[in-house]
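Student: I am new to this structure. Please take me through a single part of it, slowly enough that I can follow along.

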Amino acid sequence: MQVSVASTQGVGTANEDTVHVSPTGVVVLDGLSAPKDLPMGCIHGTPWYVRQLGTRLINLIGDDAVSLREALRSAISEVNDLHRGTCALDQEAVPASTVVMIRERGDVLDYLVLSDNVLVLDLSDEGIRTITDKRVEEVAGEEMEAALQGPTGTPEHTARVSALVTVQRRLRNRPGGYWVAATDPAAADEAITGSVDLAQVRQAALLTDGASRLVDSFGVLSWEQLLDLLRVEGPAALIARTREVELADPAGERWPRFKRSDDATAAYARIGQPVALSSAGQRVERGRRTGSSWGAGERSDGHTAAAVPAPQDVAAALGVETGDVVIRRTRVYRDRHGVVAHSTSWIPLEFAQAVPALLRNERLIGGTSLDLIAQKTGRQAVKRRDETTARIATAEDAQLLELQPGTNEAILVLSARFVDCEGRPLEYGVDLGAPGRMRVETADMTC
């Protein structure tokens, strides 16, 4: 799991959100704000509470034998033990928090959501799934409607928000009300939980309501667009974009809300280890060892083949004249995160007669193109020249790699030229690596 996070304070005096990350888990908490004019039975305050709760949760969910509900129940009890001697934990006015967390466990991804944080899962062919607990919106309807009336930041608006919180506190963690993490461990039993096949999950976002509002409150983005923004620019960019929209409506007239800007926290997770970018040479060696050029967790599609005029660089690599007809074969390599690389093989036309499959729009069976050429003609690749360059993706690159139009990202271009024992070209391969893909190469060294 690869995770990036960002968290920024809203209009309050402290950031009451927190985020915790481990190699297999993510926990995001959103502390419930306590208006200054209302009593508070805890001397420590909400920021302290969410830090203590989050720290215990991320440690507890590291044990796969502990369910997420059990972890939340234990964490609430452990934090109670920290301050029951100094604070009035039997009152309604105690620190409380929403919770969203995920955990990789074997072949599944576990999740838990309590109250109105949002979990967004990209489930490959099944599309986007959002999970949130909106029971808080089903209570105190009159007070909530009044608290959403602007303009925000005025004494009148602040009083209406305090009136709402007063009513919500009476309904918190009670049947017919709504549930949050506070002092009652039984709230864990009310959380939304589930598990999904890890192989289905490409990416996930864990959002406090201050970071999800571009979609669920403002309608500026779709969930798909939000995930794209997180993937390309990161969580900090999502929050910055949110602040820009909030500043365009500071009084909450277009988008009614309780605060001009709320604390905002976003965690973005790429699930599983993305497949590293392979060179043509690595794919040939892998094909000879395993019979397939695919890496672990990889597949290919979009196989095409055609006889086409050779571009200048291809002609030079294959030792023919520019415009001479050659074989061009293309395919796209993918893993659960998306495109790994777009690969093109350029092959002299003379091999089409011996290996007719080279001109078929399908994946080759029985080995790579070089394997089939060697089997049918006896001409074996004995020497390879590799080159690696980097460039900003062109419009054509973006289309081949299925990137958004106008993408301004760097890609790796890997080329390999294969020749036989007489120095005659057999193939020229060019791979375009998708942005963000690692290039890994290992070699044995003498002890």
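Predicted model: local features only at pLDDT ≥ 70, side-chain atom pairs only at ≥ 80, totals over all residues.

**A sheet and its helix**

Tutor: Start with two strands. β2 and β3 (residues 25–31) run antiparallel and are joined by five bridges.

Now widen the view. β2 and β3 belong to an open sheet of five strands. Its order is β2-β3-β4-β5-β8, and the pairing is antiparallel. Which strands stand at the edges? They are β2 (17–21) and β8 (192–197). Each has a single partner strand, so one side of each is left without a neighbour in the sheet. Neighbouring strands here are turned against each other by 10° on average, direction ignored.

What holds such strands side by side? Strands of a sheet pair through backbone hydrogen bonds, and the pairing can be parallel or antiparallel. In this sheet the pairing is antiparallel.

Helix α1 covers residues 46–60. Which strands does helix α1 lie across? They are β2, β3 and β4 (97–105). Against β3, helix α1 runs at about 160°.

β2 is an edge strand. β2 is joined to β3 by five bridges. Helix α1 lies across both β2 and β3, and across β4 as well. Trace the strand order from β2 to β8, and you have followed this sheet from edge to edge.

Terms used. Residues numbered from 1 in each chain as written. Heavy atoms only, no water. Pairing = 2+ DSSP bridges. Helix = DSSP H or I, 4+ residues; strand = E, 2+ residues; numbered from the N terminus. Axes fitted to C-alpha atoms, helices over the stretch in contact; angles between N-to-C directions. Contact = heavy atoms within 4.5 Å.
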